[in-house]
Amino acid sequence: MIAISNLSKWYGQFQVLADCTTNVAKGDVMVICGPSGSGKSTLIKTVNGLEPFQQGNITVAGISVGDPRTDLPKLRARIGMVFQNFELFPHLSVRQNLNLGQVQVLGRSEEEATARGLLYLDRVGLLSQQDKFPNQLSGGQQQRVAIARALSMDPIAMLFDEPTSALDPEMINEVLDVMVGLAQEGMTMMVVTHEMGFARKVANRVVFMDQGRILEDCAKEEFFGAPRSERAREFLARII
Ligand code: ADP
Ligand code: MG
């Protein structure tokens with residue numbers, strides 16, 4: 001579903017990604033972890049073309065992300081992305097947030113979009129909040145709306161960038177529970193997170209990055225059992 005091969009990227013002189021290669025099959029749940037500044041956010045942003053890259057290849061469902069002929073907005077519409085800071089439109093109600101992309105990007109009617117949006121809003125347990133504005137919701141609720149909004153676009157894969165790291169501790173689980181449900185239903189997911197409980201529960205693959213390199217790319221059992229690199233062992237010892 002997602003193939004990343006020999007990917008390198010520089011910001012000016014600074015190499016942020018160095019020869020990264022990994023693959024995500026349909027239904028895979030890949031957890032990406034590693035120290036701050038190791039290139040995790042940059043890696044997942046390159047997947048949906050939010051960040052350009054200089055070397056290597058990325059294909060999503062066979063479509064080459066780096067090819068200048070690729071219609072990136074169209075590709076992006078099929079890949080759900082959830083960020084640390086929710087990124088809901090503050091001036092739109094929850095229902096309007098859910099409808100906007102469906103109407104403007106997918107060309108759905110308002111009725112169709114509302115039906116679809118409310119289905120997913122119900123799924124994240126927030127049907128009763130449809131007329132609220134983002135600032136009237138808690139952080140955990142806003143993030144669940146962001147997930148529902150992404151799902152209402154019928155994505156072929158979902159990318160998450162530290163979706164719970166801006167949340168108060170008591171709200172982390174309500175968001176992780178939604179993500180666990182998605183994973184168990186077979187959604188293809190790349191998840192940057194330090195929530196190792198989540199990784200242990202639903203990941204089938206764990207990637208560990210350091211200084212722009214993928215140092216570990218293995219089955220969850222192997223990662224938690226016996227990581228190969230000293231850096232990954234140190235990292236695990238610190239966060240678990
Ligand atoms: P992570 O998500 O693992 O914390 P990032 O992908 O955000 O890491 O960043 C990796 C490195 O690239 C960091 O050293 C960061 O300072 C640098 N970086 C990120 N974005 C930019 C940018 N737009 N310009 C220059 N350097 C950047
Ligand atoms: Mg990051």
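In this predicted model, an N or O atom in the side chain of K40 is placed 2.7 Å from an oxygen atom of ligand 1. The protein covers 59% of the accessible area of ligand 1, which amounts to 560 Å² for the ligand on its own. A further contact comes from G37. Here a backbone N or O atom lies 2.7 Å from an oxygen atom of the ligand. Y11 contributes through its side chain. One of its polar side-chain atoms is found 3.3 Å from a nitrogen atom of ligand 1.

The shell around ligand 1 includes these three contact residues, Y11, G37 and K40. F14, V16 and P35 also belong to the surroundings of the ligand. So do S36, S38, G39, S41 and T42. By residue class, the shell holds four nonpolar residues, six polar residues and one charged residue.

Two secondary-structure elements each supply at least two residues of this shell: strand β2, spanning 14-24, and helix α1, spanning 40-47. The largest share comes from α1, which provides three residues.

The wider context is given by annotation. An unreviewed UniProt entry places the feature "domain: ABC transporter" at residues 2-236. In the model, this span is 37% helix and 26% strand.

Terms used: Residues are numbered from 1 along each chain as its sequence is written. Chains are lettered from A and ligands numbered from 1 in the order in which they are written. This is a predicted model: local features need pLDDT of at least 70, side-chain atom pairs count only at pLDDT 80 or more; totals for chains, interfaces and linings use all residues. Side-chain values use heavy atoms; hydrogens and water are left out. UniProt positions are given in the numbering used here, feature names are shortened, and annotations may be inferred rather than shown by experiment. Helices (H or I, at least four residues) and strands (E, at least two) are DSSP runs, numbered from the N terminus. A residue is near a molecule or strand if one of its heavy atoms lies within 4 Å of it. A polar contact is a pair of N or O atoms within 3.5 Å; within protein, one must be able to donate a hydrogen and the other to accept it, and residues adjacent in sequence count only if both atoms are side-chain atoms. Accessible areas come from the Shrake-Rupley method with a 1.4 Å probe; for residues, only the protein chains shown count as cover. Ala, Val, Leu, Ile, Met, Phe, Trp, Tyr, Cys and Pro count as nonpolar, Asp, Glu, Lys and Arg as charged, and the others, Gly among them, as polar.
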